[in-house]
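Please read this briefing with the sequence and the 3D structure at hand.

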Amino acid sequence: MTDYVLDQHERPMKDLRISVIDKCNFRCTYCMPAEIFGDDYKFLPKDELLSFDEIIRLVQIFSKFGVEKIRLTGGEPLMRKDLHELVARLHEIDGIKDIAVTTNAVFLVKQAKKLKEAGLNRVNVSLDAIEDEVFQQTNGRGIKTSPVLKGIEAARDAGLEIKINMVVKKGMNESQILPMARYFKETGDTLRFIEFMDVGNHNGWNMGSVISKKEIIEEINQELPLVPLDANYFGEVASRYRYEGSEAEIGVISSVTDAFCSSCTRVRLSADGKLFTCLFASEGHDIRELLRGGEPDEAIISNLIKIWTRRDDQYSIDRANGKPTKKKIEMSYIGG
Ligand code: SAM
Ligand code: SF4
Ligand code: SF4
């Protein structure tokens, strides 16, 4: 039941992504290149991160707008070791139907069972290669695939729904498209290919480094024939396919070559409580200031109404039309 109706606006608010920390144990070259995010990089001090109490208060408010899905992300969200406590409290909130975590999976071995028991429904595991040599390069820390694969196993044993996300970047891991497809066709986990995006200001993105949805599908289809599937719900970002003669699925998220801004139902909260209506925004709206300034819920609600109804983001469409880009926030800060 939605208390605040935003239906004058074409894009409903459905899906809230909360970055719970900006730190990460990986240094993926397309997200947090090690040359920029080195030992002296200043991550947010603990008191600047939203506390669990603050997150819960905000989610209670967001649920009144019709938000049903929560995704916890980062940085690496499992670096907040007590994440299951947050999940348990989110699970209690009326209207919240689905709680997911996006993670590099390394800490799932320790945390998957606790997270599932707390009410977590799903994990999206980022894994960009199945061969160690390639993966060690992409994660920037020389980490082999086995800790990630063990994390995926732990999630499976705990009964969590699993999807695998692979960012595909030319010159980095296009050799892994088919090996990853073969591997996850066997396990039955849905593998989603993500076009390399120009998030942040440091990942050296250019159009030439993007492998398009079309190229990915053509390559897989030659060896493993694919059948297109319908979207599961309005605003689903991945185009879905099933392997012929199998129940296993893949998806492709084509935010660069086939923008989907008109159906974007996502709202994002950074680890320090700034609200973003687009992944590619330059600045967020400071909600933490309202929380810590002692503002009542009504003041936060009227702020959210203003922000959402004035929203006209369509960055991916503008990019496709060659509009100039401005400074953007980093992916590790906003969490994807
Ligand atoms: N650390 C967690 C992880 O990697 O799953 C959560 C945070 S990460 C920023 C969220 C998602 O953003 C991951 O699936 C990651 O692959 C994706 N991502 C990061 N940089 C990207 C880029 N330049 N283009 C496309 N996807 C990107
Ligand atoms: Fe860390 Fe995730 Fe970014 Fe990789 S994609 S550096 S795991 S936040
Ligand atoms: Fe949504 Fe912005 Fe991505 Fe468009 S570019 S789909 S508005 S997050």
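How do the residues of the shell around ligand 3 divide into nonpolar, polar and charged? They divide into 7 nonpolar, 1 polar and 3 charged. In this count Ala, Val, Leu, Ile, Met, Phe, Trp, Tyr, Cys and Pro are nonpolar, Asp, Glu, Lys and Arg are charged, and the others, Gly among them, are polar. This is a predicted model, in which local features need pLDDT of at least 70 and side-chain atom pairs count only at pLDDT 80 or more, while totals for chains, interfaces and linings use all residues. Residues are numbered from 1 along each chain as its sequence is written, chains are lettered from A and ligands numbered from 1 in the order in which they are written, and side-chain values use heavy atoms, with hydrogens and water left out.

**Ligand 1**

- Ligand 1 is surrounded by 20 residues, and the closest are Y30, G75, T102, S126 and M197. A residue is near a molecule if one of its heavy atoms lies within 4 Å of it.
- The shell around ligand 1 is made up of 8 nonpolar, 10 polar and 2 charged residues.
- Strands β3 (98-103), β5 (161-168) and β6 (190-195) each supply at least two residues of this shell. Helices (H or I, at least four residues) and strands (E, at least two) are DSSP runs, numbered from the N terminus.
- Polar contacts here are pairs of N or O atoms within 3.5 Å. A backbone N or O atom of Y30 lies 3.1 Å from a nitrogen atom of ligand 1, and for a backbone N or O atom of M197 the distance to a nitrogen atom of the ligand is 2.9 Å.
- The side chain of E76 has an N or O atom 3.2 Å from a nitrogen atom of ligand 1.
- On its own, ligand 1 has 540 Å² of accessible area, and the protein covers 95% of that. Accessible areas come from the Shrake-Rupley method with a 1.4 Å probe.

**Ligands 2 and 3**

- The residues around ligand 2 are C24, F26, C28, C31, M32, G75 and N104. They divide into 5 nonpolar, 2 polar and no charged.
- Around ligand 3 are F260, C261, C264, R268, C278, L279, F280, R311, D313, Y315 and S316.

**Helix α7**

- Which residues of α7 (residues 213-223) are buried? They are K213, I216, I217 and I220. Buried means under 20% relative accessible area, exposed over 50%, and partly exposed in between (1.4 Å probe, protein chains only).
- The arc is that of the directions from the helix axis to the C-beta atoms.
- The exposed residues K214 and Q222 are on the face turned away from the buried side of α7.
- The cover over the buried residues of α7 includes β5, α6 (177-187), β6, β7 (226-228), β8 (238-243) and β9 (249-253). Contact means heavy atoms within 4.5 Å.

- In α3 (residues 108-118), the residues L108, Q111, A112, L115 and A118 are buried. They cover an arc of only 135° around the axis, so they are on the same side of α3.
- V109, K110, K113 and E117 are exposed on the other side of α3.
- Among what covers the buried residues of α3 are α2, β3, β4 (122-126) and α5 (146-158).
- G119 follows α3 and has a positive phi, near 120°.
- A105 is in the loop between β3 and α3, and A105 counts as buried because its relative accessibility is 0%.
- The phi of A105 is near 80°, a positive value in a residue other than glycine. Most residues other than glycine have a negative phi.

**Single residues**

- I99 lies in strand β3 and is buried, with a relative accessible area of 2%.
- Not counting residues up to four places away in sequence, I99 touches I70, V87, L90, H91, G119, L120, N121 and R122.
- A88 is in helix α2 (residues 83-91). Is A88 buried, exposed or partly exposed? A88 counts as partly exposed, at 30% relative accessibility.
- R288 is in helix α8 (residues 288-292) and counts as buried, at 17% relative accessibility.
- R288 touches E48, L50, D272, G273 and G293, with residues up to four places away in sequence not counted.

Definitions and conventions:
A polar contact is a pair of N or O atoms within 3.5 Å; within protein, one must be able to donate a hydrogen and the other to accept it, and residues adjacent in sequence count only if both atoms are side-chain atoms.
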